[in-house]
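Please consult the sequence and the structure shown below while reading.

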Amino acid sequence: MIRYKEYADELAQRIQAGHLKPGDRLPSIRAVKRQRGVSASTVFSAYYLLETQGYVEARNRSGYYVSAKMPLPGLAERPTPVAQAHALPLDFSTLACQMLAQAGQRNLVPMGSAFPSPELFPFDQLAMSMGRALRRMDPWQTVEDLSPGNPALRRQIAMRYGTLGMDLAPAELVVTSGAMEALNLALEVTTQPGDLVAIESPAFYGALQALERRGLRAVEVQTHPRTGVELASLRRVLDTHAVKACWFMPTFQNPMGCTMPDEAKAALVGLLTTRQIPLIEDDVYGELYHGPRHPPPAKAWDREGWVLHCGSFSKSLAPGYRIGWVAAGRFTARLARHKMMSSLATALPSQLAILDFLQKRSFERHLRALRHALARQQAAAIRAIGQYFPSATKVTQPQGGYFVWVELPADIDALAVHQQAGQQGIGTAPGHLFSADHRYSHHLRINHGYPGDLRSEASFKVLGEIVHRNRARSGT
């Protein structure tokens with residue numbers, strides 16, 4: 001973990017423990033710099049991170065203070081134990097499909113949505129890019145730019161990797177119809193029906209759906225709500241099971257938002273490379289970091305091509321355009337053939353529109369505004385949970401993305417909360433979705449990616465009241 005996060009975590013824990021109280025002034029940046037032997041930017045980054053999380057507030061010409069605005073919920077700090085590791089049955093598509101259907105209902109407050117607000121994205125600029133691209137398009141491109149995708153767009157994506165210090169050739173990239181096609185193709189080229197795939201616990205429900213559809217079995221790996229996949233747990237799973245692939249989200253994991261430290265990502269890649277087990281890396285939220293640094297993907301430590309890194313523009317730039325990709329390493333040629341046989345090509349107008357937008361150098365400006373909006377809204381969501389939910393509630397505080405993972409008191413049935421909230425026009429994602437054996441029955445995933453939705457504050461209050469009522473019914 002880099003140093004500003006270490007200092008921010010230390011202060012957050014002191015605030016949670018009550019050692020620093022609302023209204024207390026934090027040491028000045030100059031004082032911490034001198035005492036800790038760190039740079040001023042490290043201290044500023046730590047304070048900024050705490051500010052986005054709602055722990056501290058900056059006062060003009062006075063410094064940083066512990067926030068006195070609202071109570072904060074406790075940190076989710078312990079992984080849920082994974083019982084005896086075993087292959088899990090997969091049968092939950094109905095609830096998952098219901099959740100996806102909610103995303104299109106404008107009357108619902110979209111706390112359960114898998115997508116950020118469409119209003120956060122530059123659709124007018126993208127439309128202009130689409131128009132320019134189509135006017136310039138050579139008709140021959142419609143038959144030339146089949147799988148693996150438009151060469152110029154693949155060069156632009158490779159340049160994005162270059163900003164992270166990764167020397168990745170455009171020839172290693174296959175453009176896909178969104179991240180889900182990328183991930184499904186990665187499964188196809190690394191597994192056969194009946195194989196075991198290691199997943200996180202809790203896991204992205206789209207991964208569980210994909211395994212179910214392909215006739216694969218899942219084995220869960222213990223996952224920490226702050227630092228991600230626990231390598232000791234993974235080693236135990238690999239020692240006792242014939243795992244054929246791993247599907248992990250090392251950066252801003254869905255649903256918890258956790259991120260593996262750099263050294264853990266490096267160790268993960270080393271462990272799997274030694275055992276020649278492919279890692280399907282789902283990295284659709286990596287651009288949405290809240291701090292000063294883009295966390296590198298696990299792919300950054302891949303030297304032998306065992307990591308299939310899957311990305312997308314759907315969460316960071318262009319929802320609905322369905323442009324994703326795979327940096328597939330040693331599996332590139334086979335994956336490109338599977339892409340050709342399954343869908344032949346990815347929609348060329350969408351590829352060319354995004355290419356034009358990237359070439360106009362507008363992406364970074366858009367990303368800065370998007371990251372700021374999501375960080376501010378996360379702080380507001382966490383404060384609202386602290387104000388309206390039971391005091392025993394725990395919540396994750398991710399360093400990026402637009403989800404928080406809420407652990408309710410153990411006697412609360414999250415599915416009942418989800419159903420009652422839906423009756424009052426509030427969408428939620430119950431924890432039942434995120435494990436094949438429904439072990440997260442008192443958890444909710446909350447989407448805070450709708451900063452323009454004026455219903456959010458009132459909805460947190462209503463949702464808190466529903467949780468309190470359910471707790472009263474349980475007799476606690």
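## Aromatic packing and buried sites

Phe434 counts as buried because its relative accessibility is 0%, where buried means under 20% relative accessible area, exposed over 50% and partly exposed in between (1.4 Å probe, protein chains only). The model is predicted, so that local features need pLDDT of at least 70 and side-chain atom pairs count only at pLDDT 80 or more, while totals for chains, interfaces and linings use all residues. Residues are numbered from 1 along each chain as its sequence is written, and side-chain values use heavy atoms, with hydrogens and water left out.

Phe434 pairs with Trp405: the ring centres are 5.5 Å apart and the planes stand at 85 degrees, so the pair is edge-to-face. Rings of Phe, Tyr and Trp (its six-membered ring) are paired if their centres lie within 6.5 Å; planes under 30 degrees apart count as stacked, over 60 as edge-to-face and the rest as tilted. Trp405 is also buried, at 3% relative accessibility. The pair links distant parts of the chain, 29 residues apart, with Trp405 in strand β14 (residues 403-407) and Phe434 in the loop between β16 (429-430) and β17. Helices (H or I, at least four residues) and strands (E, at least two) are DSSP runs, numbered from the N terminus. Trp405 and Phe434 belong to one aromatic cluster together with Phe204, Tyr205 and Tyr440.

By the ring-pair rule, the count comes to 14 aromatic pairs. Another of them joins Tyr402 and Phe403, whose centres are 4.6 Å apart with planes at 50 degrees, so this pair is tilted. Tyr402 and Phe403 are both buried. Arg445 lies over the face of Phe403, at 4.0 Å from the ring centre, and Arg59 lies over the face of Tyr65 at 3.8 Å.

Ile446 is buried, with a relative accessible area of 0%. Apart from residues up to four places away in sequence, Ile446 touches Met111, Tyr402, Phe403, Val404, Val406, Phe460 and Leu463, contact meaning heavy atoms within 4.5 Å.

Glu281 is located in strand β10 (residues 279-282) and counts as buried at 0% relative accessibility.

His366, in helix α14 (residues 363-388), is buried with a relative accessible area of 10%. A polar atom of the His366 side chain lies 2.7 Å from the backbone oxygen of Ser316. Neighbours within four places in sequence aside, His366 is in contact with Leu120, Phe121, Pro122, Ser316 and Leu317.

## Cysteines

A search of the whole structure finds zero disulfides, a disulfide being a pair of cysteine sulfur atoms within 2.5 Å.

| Cysteine | Nearest cysteine sulfur and distance |
|---|---|
| Cys258 | Cys246, 15 Å |
| Cys310 | Cys246, 14 Å |

Cys258 is buried at 2% relative accessibility, and Cys310 is buried at 0%.

## Helix α10

In helix α10 (residues 231-240), the residues Leu231, Ser233, Leu234, Val237 and Leu238 are buried. Viewed down the axis of α10, the buried residues fall within an arc of 155 degrees, so they line one face of the helix; the arc is that of the directions from the helix axis to the C-beta atoms. These buried residues pack against β7 (217-224), β8 (228-229), β9 (243-248) and α11 (262-275). Arg236, Asp239 and Thr240 are exposed on the face of α10 turned away from its buried side.

Methods
Lys NZ or Arg CZ within 6 Å of the ring centre and 35° of its normal. Polar contact = N/O pair within 3.5 Å; in protein donor to acceptor, adjacent residues only side chain to side chain.
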